[in-house]
Each structure stands twice: as C-alpha cells, then as structure tokens.
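Subject: Structure handover

Dear colleague,

Please find the structure below. My notes on it follow.

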Amino acid sequence: MPIPIVLDCDVGHDDAIAILLALSSSEVELRAVTAVAGNAPLHHTAANAIRVLDHAGRQDIPVAAGADRPLVQESLAPSGGHGATGLGGPELPPPSRRPEGHAIDLIADAVLASDQPVTLVPTGPLTNVALFLARHPDAAARLDRIVLMGGCTGFGNVTPNAEFNIWADPDAARRVFASGLDVTMVGLDVTHQALLTFAEAEALRGTGRAGRLVAELVDFYARSHRDWEGTPIHDAVAVAHVVDPGLLTLTACNVEVDCGPVCRGRTICDLHGTTGRPANARVATGIRPGFGAWLSERIARLG
C-alpha cells in the first residue's frame with residue numbers, strides 16, 4: 001500500500017518539484033499540504049502550494065497555512081533565489097481556492113484519519129512541525145516518522161555552517177530533534193549532489209504540463225547556480241527518500257541545533273559518537289548517483 005504523507009513546505013522552486021514528485025509516485029499518497037513562511041511570506045507560500053496542485057489537477061488535496069514567523073526569534077528575510085513570490089519564473093494562474101484552517105490542525109486531522117501511520121515531510125522551516133508537536137501530542141505520537149529537508153554536517157548556504165531551513169527557526173528545529181520521534185535529516189551534504197542537469201530539465205520541457213513546469217522552474221532557479229552543472233532540487237530529495245529508501249545512505253547519530261547568536265542554525269551532527277549522547281536522528285550522508293534521471297522519469301509520468 002502507498003505510504004501516506006503530509007508535506008509541510010515554504011513553497012519555492014524545489015518545494016514545488018517535491019510536490020510534483022509526490023504526485024507522480026505510486027509508492028506514496030499525498031494526503032495534505034501545509035504552508036509555512038520561509039522562501040517567501042506565508043501568503044505567497046500557501047498560494048504557491050495551491051497553484052502547483054491546480055496545475056497538476058489535484059484540487060482534491062487540502063491545503064492549510066500555518067506559521068508566518070519563527071517561534072522565538074525575530075522574523076527573517078526570505079531566502080534568496082526564489083523571487084518575490086517564492087515561485088518566480090513560471091506564469092501560473094492565481095490559486096483556485098483559499099487555504100482552509102490552520103496547518104497544525106490539518107496535519108493532526110490527516111494523521112488521526114489515516115488507517116496507516118503517516119510520514120510527515122517538512123521541506124521548510126520547522127515552525128509548523130514544532131507547533132504541531134506541542135498542540136497535538138496524541139496525533140504526533142501516531143506519526144510513522146519525520147523526514148525533513150534541512151541542516152548539514154559541516155557547511156551551510158546561509159552562513160558558513162548553517163542551512164536555511166534550520167537557520168530560519170532553530171528553536172523549532174531543536175524541539176523537533178529532541179521530540180523522541182523517528183527523525184531523518186536530509187541535508188545539504190546529499191542535496192547538493194542531487195542535481196537536475198540543464199539537459200535533463202530541457203528534455204522534460206516536452207513531456208507534458210508537469211515536465212514543462214519543472215523546466216520553467218529550473219530556468220529561474222538556475223540563476224542561483226550559474227556555475228553548476230545543474231540545479232540542486234533540495235526538497236525533492238526528502239520525498240524521494242520516502243519513495244525509494246535505497247536512494248540515501250543514513251547514519252544514526254545525535255543532532256543538536258545551535259540557537260545562539262554566533263552559530264545560529266548549525267546542526268551539530270555527532271557522526272562519530274564523540275559526545276556519547278544517544279542518537280536522536282538518522283542523517284543522510286550519501287546519495288545514489290543518477291538522481292536527475294530518476295526524478296525526470298518520475299515527473300514525466302504526470303504528463
């Protein structure tokens with residue numbers, strides 16, 4: 001049976017492709033999409049989620065908006081590279097509907113209504129997830145696992161050692177890693193290797209509506225990766241791991257999140273057991289070659 005998933009995201013270019021990957025993969029069933037502020041303000045990220053689902057003809061999938069700022073720290077400027085709306089480039093129509101309810105309640109409803117344990121896949125700042133854990137502990141206990149895109153073991157993309165999703169709300173991330181739930185961290189160590197080459201994106205352009213949208217997303221997103229051989233599709237890797245668990249190599253270890261002013265958002269991954277602290281997550285440390293071809297074949301299925 002397909003694995004039921006809920007995507008919690010700050011819909012930018014790679015989040016949009018993650019949604020399309022979930023829709024194209026029979027191994028998973030996308031039950032809901034929830035939005036958080038991150039790549040753009042919340043009103044844009046929620047609208048973007050609906051616009052992508054509209055494009056795929058999946059108006060049946062519920063969407064809710066959640067947190068518009070971090071738990072504790074001051075609101076931050078959106079990440080660069082996604083444009084003012086978070087989804088610069090493609091000419092998508094306005095959303096066909098408004099988000100319904102609050103994200104944390106939709107996550108809880110999806111979990112409690114499912115006859116199978118749900119996998120929660122956050123691909124943005126973890127504010128909604130931390131709020132869900134606090135507000136709905138009974139539903140949280142019924143989750144199968146959390147597979148998040150965020151963090152890194154040694155280098156960052158916002159500061160020298162912090163990745164954007166964790167840096168945007170480190171207090172929320174700290175609570176998620178300390179939750180005692182089954183947490184898998186898919187960070188920059190592997191997502192920077194998960195390239196959709198420009199040739200692969202161009203080939204997708206002629207495969208149908210979904211492929212054309214992905215190509216147009218890459219046209220814009222590639223502006224941030226001009227010297228690369230392709231564009232890293234960070235958020236899609238978290239979904240891909242749920243779809244195909246053999247894609248990633250995982251290492252169980254202790255992960256602590258730095259919430260201080262100097263190293264804000266650093267994920268301290270004790271890969272070698274130096275601290276003696278018990279493992280609280282599995283961290284992706286390797287990825288199977290050929291991700292772009294694998295992703296392209298999936299997206300082309302949507303037509």
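**Notes on the model**

Isoleucine 287 counts as buried because its relative accessibility is 14% (buried means under 20% relative accessible area, exposed over 50%, partly exposed in between, with a 1.4 Å probe and protein chains only). This is a predicted model, in which local features need pLDDT of at least 70 and side-chain atom pairs count only at pLDDT 80 or more, while totals for chains, interfaces and linings use all residues. Residues are numbered from 1 along each chain as its sequence is written, and side-chain values use heavy atoms, with hydrogens and water left out.

Isoleucine 287 belongs to strand 11 (residues 281-287); helices (H or I, at least four residues) and strands (E, at least two) are DSSP runs, numbered from the N terminus. Not counting residues up to four places away in sequence, isoleucine 287 touches Val190, Gln193, Ala194, Val237, Leu247 and Leu248, where contact means heavy atoms within 4.5 Å. Between the C-alpha atoms of isoleucine 287 and leucine 213, which are 74 residues apart along the chain, the separation is 25 Å.

Next, the helix packing. Helix 1 (residues 13-24) and helix 10 (residues 209-221) have axes that come within 10 Å and cross at roughly 160°. Axes are lines fitted to C-alpha atoms, for helices over the stretch in contact, and angles run from 0 to 180 degrees between N-to-C directions. Helix 1 is therefore roughly antiparallel to helix 10 (angles under 35 degrees count as roughly parallel, over 145 as roughly antiparallel, 65 to 115 as roughly perpendicular and the rest as oblique). To this contact helix 1 contributes His13, Asp14, Ala16, Ile17 and Leu20, and helix 10 contributes Ala210, Leu213, Val214, Leu217, Phe220 and Tyr221.

The axes of helix 1 and helix 11 (residues 234-243) come within 6 Å and cross at roughly 25°, so helix 1 is roughly parallel to helix 11. The residues in contact are Asp14, Asp15, Ile17, Ala18, Leu21 and Ala22 from helix 1, with His234, Asp235, Ala236, Val239 and Ala240 from helix 11.

Lastly, histidine 13, which is in helix 1. Histidine 13 counts as buried because its relative accessibility is 0%. Its side chain and that of histidine 82 are joined by a polar contact of 3.0 Å (a pair of N or O atoms within 3.5 Å; within protein, one must be able to donate a hydrogen and the other to accept it, and residues adjacent in sequence count only if both atoms are side-chain atoms). Leaving aside neighbours within four places in sequence, the contacts of histidine 13 include Gly81, Gly86, Leu87 and Gly88.

Regards
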